[in-house]
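Student: Could you show me how to read the features of a protein structure, one at a time?
Tutor: Gladly; let us look at it together.

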Amino acid sequence: MKKRPTSSVKIIFMTAALFGFFASAAYSASYISDNYPTADSFLGEKLQDNEAEDANELLKIISQKIHDQYYPGTARRDEHAKANACVVASLTVNENIPKQLQKGIFSKANTYSSIIRASNGASDSTAKDIEKDSRGFAIKVLGVKGDKIVTDPSHEGVQDFILFSAPTFFVNSAKVYKKVIDAIDNGNTLDKVKLLPAIGLKGAEAVVSALSKQIASPVEQRYWSAVPYQLGTGPERIAVKYSVKPCLKGTTPIPKDPTRNYLRENLSMTLQNEAVCMDFLIQPRTSNSMSVEDTINEWEEADAPFYPVARITIHKQDFNTAEKNLACENLSFNPWHSLPSHKPLGSVNRIRYSVYQGVSSLRHSMNKVSEGENNE
């Protein structure tokens, strides 16, 4: 067991994580106040009691966890630590999409270069791909013009979209998330059972759903944002969720005796021979009963259908090289790398504002590498 760091070491790393973010980024005053996102009551957002303090406490817990696990080695992400691939792609906005969805990068037909990171959800980067797990699909759209919510030169011109393999999340607050982390990392079986009242039956179902995925290929799986986003600005802005699904139903069988990294290997073989396409979908909210603060309950597609707005083309390529895999690990994906037209909504996204950038800064600091697409 690793020796726990002293208080002085803790303070150094916590300060590095926080200061690295707050010193490098500028904020749009209309969206960020006192280093925390403001709530948009027009779309139904409402801050929880002590939410910013709970989010910062969650950042400290996760940062300490990363430091204890990896120092002095190479620091990984606290979740989605294992990348199956980082691939080069194009995102082409469709023509003639519904007018209410013609906002932000979807306002007109255009093609953007993109980078996509497909991942396993677990914090163990050595886990076998055959193990049941959630799966991540993070998209970094490049060459996006316009002022961002967070003005950071190291991520200039990008718009990030974060999706994973379940339509709902399992908590709605940083306070409950802290309990989940503590029970998983430090608790016994009884402690984990006691989590049920905290996350509720729906939250437990979301956990089971998220962790139940065995897949044959990252590009044959459907993904959801699970949490909501703003689309547009001003009085015409609406609340939406996102999804990405394969253009064609996948037919690749799961190997009978798979290697540890079979998802990477299968996708590598596929992309050496052909390009792959996926559709980017938007689900506009159709009723105020679909709360932007509640990510545990699904916005049913029967009540709020998804509309295809863009085509993702993952190009024929060789991505599985040492240089590209290292660049993949150094990338950071954050939904707050965003135009105001795609502002993240709800408590989970506001928590991400504190946690994602703080953890990224810590990870890059520990690994002595620079943040940003221009340096990676």
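The dialogue below goes through confidence, a helix, a residue in a strand, the disulfides and the aromatic rings.

Student: What should I know before I start?
Tutor: This is a predicted model, in which local features need pLDDT of at least 70 and side-chain atom pairs count only at pLDDT 80 or more, while totals for chains, interfaces and linings use all residues. Residues are numbered from 1 along each chain as its sequence is written, and side-chain values use heavy atoms, leaving out hydrogens and water.

Student: What pLDDT does the chain average?
Tutor: pLDDT is the predictor's confidence in each residue, from 0 to 100. The chain averages 87, and 86% of the residues score at least 70. Over residues 1-29, however, the pLDDT is below 50, though this stretch has 48 contacts in the model beyond near neighbours in sequence; contact means heavy atoms within 4.5 Å. Where pLDDT is low, the predicted coordinates should not be read in detail.

Student: How do I read a helix, and which residues of helix 2 are buried?
Tutor: Helices (H or I, at least four residues) and strands (E, at least two) are DSSP runs, numbered from the N terminus. An α-helix has 3.6 residues a turn, so residues three or four places apart point the same way. Helix 2 covers residues 51-70, 20 residues in total, and reaches 29 Å from its first C-alpha to its last, close to the 28 Å expected at 1.5 Å a residue; the expected span is 1.5 Å times one less than the number of residues. Buried means under 20% relative accessible area, exposed over 50%, and partly exposed in between (1.4 Å probe, protein chains only). The buried residues of helix 2 include Asp54, Leu58, Ile62 and Ile66.

Student: Is asparagine 120 buried or exposed?
Tutor: Asparagine 120 is buried, with a relative accessible area of 4%, and lies in strand 5 (residues 111-120). Its side chain makes a polar contact of 2.9 Å with that of aspartate 129 and another of 2.6 Å with that of arginine 135. A polar contact is a pair of N or O atoms within 3.5 Å; within protein, one must be able to donate a hydrogen and the other to accept it, and residues adjacent in sequence count only if both atoms are side-chain atoms.

Student: How many disulfides are there?
Tutor: A disulfide is a covalent bond between the sulfur atoms of two cysteines. Taking pairs of cysteine sulfur atoms within 2.5 Å, the count comes to 2. One joins cysteine 86 to cysteine 328, S to S 2.1 Å. That pair links distant parts of the chain, strand 4 (residues 82-93) and helix 7 (residues 322-330), 242 residues apart. Cysteine 247 and cysteine 277 form a disulfide too, with their sulfur atoms 2.2 Å apart.

Student: Why is the pair of phenylalanine 161 and tyrosine 242 called edge-to-face?
Tutor: A pair of aromatic rings is described by the distance of the centres and the angle of the planes. Rings of Phe, Tyr and Trp (its six-membered ring) pair if their centres lie within 6.5 Å; planes under 30 degrees apart count as stacked, over 60 as edge-to-face and the rest as tilted. The whole structure holds 12 aromatic pairs. For phenylalanine 161 and tyrosine 242 the centres are 5.1 Å apart and the planes at 85 degrees, so the pair is edge-to-face. Both residues are buried.
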